[in-house]
Amino acid sequence: MYTFKDYYNNEVKLSFDDHPFSLEPKHVWVVCRHKDKWLLTKHKGRGYEFPGGNVEEGENAKEAAIREVKEETGGNVEKIYYIGQYNVTGRNETVIKNVYFAKINQLIQQDTYYETEGPILLKKIPSNVRYNHLYSFIMKDGVLDYCMKQIRKTRLLA
Ligand code: GTP
């Protein structure tokens with residue numbers, strides 16, 4: 001378990017165990033790979049981030065992850081793997097998010113990308129995103145670094 005502060009100084013707990021904080025988390029975040037690139041979305045308010053969002057009524061977290069990737073990037077999920085879960089303790093609420101790694105086999109243009117401007121493909125995620133105003137706050141804490149290390153460690157990139 002890793003504990004650290006996020007961009008807004010909220011406490012974050014991150015674990016790569018099997019659903020340590022909730023069996024039915026209400027939020028998902030999906031690290032996406034398409035061909036040899038990282039697939040992100042450009043959120044209209046927050047900036048560049050991996051896609052994700054809320055689990056809706058009648059779906060489970062993995063279904064939400066697949067749906068959010070399609071809605072925010074047009075990406076078709078070929079394979080998806082559970083990576084871990086994190087818990088953000090905010091002033092008013094606690095957010096628990098599942099993190100997935102997804103392989104995207106196709107990008108299909110959408111009529112709308114909802115609250116985003118659609119797909120962003122990057123060969124490399126810059127090492128200094130924390131200080132880059134183009135990037136979303138959700139990319140600016142230990143979650144990104146630890147999850148990327150975990151994805152490499154489990155050889156999912158190969
Ligand atoms: P919607 O996404 O439109 O439902 O709006 P919301 O602003 O209510 O967001 P949400 O319920 O997803 O999150 C509530 C608060 O939790 C946010 O304002 C953030 O402070 C925090 N939060 C949500 N997701 C993350 C995350 O991925 N990382 C961090 N560090 N904080 C998060």
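Predicted model: local features only at pLDDT ≥ 70, side-chain atom pairs only at ≥ 80, totals over all residues.
Residues are numbered from 1 along each chain as its sequence is written. Local features need pLDDT of at least 70, side-chain atom pairs count only at pLDDT 80 or more, and totals for chains, interfaces and linings use all residues.

**Exercise 1.** Find which face of helix 1 is buried and what covers it.

*Solution.* 
- Locate helix 1 at residues 61–73. Helices (H or I, at least four residues) and strands (E, at least two) are DSSP runs, numbered from the N terminus.
- List its buried residues (20 or more other C-beta atoms within 10 Å of their own C-beta, placed from the backbone). They are A61, A64, A65, E68, V69, E72 and T73.
- Look down the axis of helix 1. The directions from the axis to the C-beta atoms of the buried residues fall within an arc of 135°, so these residues line one face.
- Identify the cover. It includes strand 3 (27–34), strand 7 (75–89) and strand 8 (94–107).

**Exercise 2.** State what follows helix 1.

*Solution.* 
- Step past the helix to G74. Its phi is positive, near 80°.

**Exercise 3.** Name the residues that touch the most other members of the largest nonpolar core, then trace the contacts of V30.

*Solution.* 
- Define the core: buried Ala, Val, Leu, Ile, Met, Phe, Trp, Tyr and Cys residues joined through C-beta atoms within 7 Å.
- Among its 31 residues, pick V28, V30, C32, A65, Y100 and A102.
- Assign suppliers. Helix 1 and helix 2 (142–153) are among the elements that each give at least two residues.
- Trace V30, skipping residues up to four places away in sequence. Its contacts (backbone-placed C-beta atoms within 7 Å) include F50, A65, V69, Y100 and A102.

Definitions and conventions: Expected span 1.5 Å × (residues − 1). Buried ≥ 20, exposed ≤ 12 C-beta atoms within 10 Å, placed from the backbone. Contact = placed C-beta atoms within 7 Å.
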